[in-house]
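Here is a briefing on one protein model. Have the sequence and the 3D view open as you read.

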Amino acid sequence: MSAQILAGRFEQQKQLLAQSEIKLLHAQVNPHFLFNALNTLSAVIRRNPDHARQLVLSLSTFFRKNLKRSNDEVSLRDEMERVNAYMEIEKARFTDHMTVEITLPEELMDARLPAFSLQPIVENAIKHGISQMIECGHIHISGRYRANTLELTVEDNAGTYQPPTGGDGLGMNLVDRRIKARYGNRYGITVESEADTFTRVEVRVPLI
């Protein structure tokens, strides 16, 4: 009986930690993103009102998805709707300085993964990669099934990745911790980088 009570308390604490970490991720991205988005809209409204209206819709989609994320697991389709809304704003901010490529087969889109798994990774690629480049930056999001595992990859052509120290890389570290706590240490995030060439971040979760 004591063991069951302790196990129940442990599970409850783990769920509370996961919820707290999601809120921390939201708090980390929203102020930074909103500040940049409003500045971008201010510039675009003057030169292209139609484009500005589309960006307002993207911004609305992003925050609507944020507010609805009360559970801890979503489909890849739902996750990508928010990532796409985020990237539309960022592409407008960088104008011709950034391109995005997405190659996700339709059969992957109903796969389940922890909510807020890709947003911090895409943001890192832009904030610490693309924004540091003089030439045009490129982000490629791809995915596949392999050995009963969903593998999602976010790759940029900046190659500026540095292992996180202190508070740096907080969002990506939280994503990795949440995945490992939920599915075990064989899953999570791996990073491969070649200086000034590419940074490739892979997210691995079990096929559900």
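Is Glu 155 buried, partly exposed or exposed? Glu 155 counts as partly exposed, because its relative accessibility is 23% and buried means under 20%. Keep in mind that this is a predicted model.

- Five strands make up an open sheet, and their order is β2-β4-β5-β7-β6. The pairing is mixed.
- The edges are β2 (98–103) and β6 (188–194). Each has a single partner strand, so one side of each has no neighbour in the sheet.
- From one strand to the next, the twist averages 15°.
- Strand β4 covers residues 137–146 and pairs with β2 in the parallel sense. Six bridges join β2 and β4.
- Met 98 has Gly 137 in β4 as its bridge partner.

**Helices on the sheet**

- Helix α3 (residues 76–94) packs on the sheet and touches β2, β4 and β5 (149–156). The direction of α3 makes about 165° with that of β2.
- Helix α4 lies across β2, β4, β5, β6 and β7 (198–206).
- α4 spans residues 119–127 and is mostly covered. Eight of its nine residues are buried.
- The buried residues of α4 include Gln 119, Pro 120, Glu 123 and Asn 124. Ile 121, Val 122, Ala 125 and Ile 126 are also buried.

**Two loop residues**

- Ser 117 sits in the loop between β3 (112–114) and α4. Ser 117 counts as buried because its relative accessibility is 1%.
- Beyond its neighbours within four places in sequence, Ser 117 is in contact with Glu 79 and Val 175.
- Ala 195 belongs to the loop between β6 and β7. At 58% relative accessibility, Ala 195 is exposed.
- Ala 195 and Tyr 161 are 34 residues apart along the chain. Their C-alpha atoms are separated by 7.6 Å.

**Salt bridges**

- Side chains of opposite charge can pair when their charged atoms come close.
- The model has 13 salt bridges.
- Glu 106 and Arg 77 form one of them, at 2.9 Å from N to O. Glu 106 is in the loop between β2 and β3, while Arg 77 is in helix α3, so the pair ties together parts 29 residues apart in sequence.
- Glu 106 is exposed at 53% relative accessibility. Arg 77 is partly exposed at 30%.
- Glu 155 and Arg 200 also meet in a salt bridge, with 2.9 Å from N to O. Glu 155 lies in strand β5 and Arg 200 in strand β7, so this pair ties together parts 45 residues apart in sequence.
- Arg 200 is partly exposed, with a relative accessible area of 27%.
- Which residue meets Arg 200 in a salt bridge along with Glu 155? The partner is Glu 192, at 2.9 Å from N to O. Glu 192 is partly exposed, at 43% relative accessibility.
- A network of salt bridges links Arg 144, Arg 146, Glu 151 and Arg 204.

Key
Residues are numbered from 1 along each chain as its sequence is written. This is a predicted model: local features need pLDDT of at least 70, side-chain atom pairs count only at pLDDT 80 or more; totals for chains, interfaces and linings use all residues. Side-chain values use heavy atoms; hydrogens and water are left out. Buried means under 20% relative accessible area, exposed over 50%, partly exposed in between (1.4 Å probe, protein chains only). Helices (H or I, at least four residues) and strands (E, at least two) are DSSP runs, numbered from the N terminus. Two strands pair if DSSP finds at least two bridges between them. Axes are lines fitted to C-alpha atoms, for helices over the stretch in contact, and angles run from 0 to 180 degrees between N-to-C directions. Contact means heavy atoms within 4.5 Å. A salt bridge is a side-chain nitrogen of Lys or Arg within 4 Å of a carboxyl oxygen of Asp or Glu.
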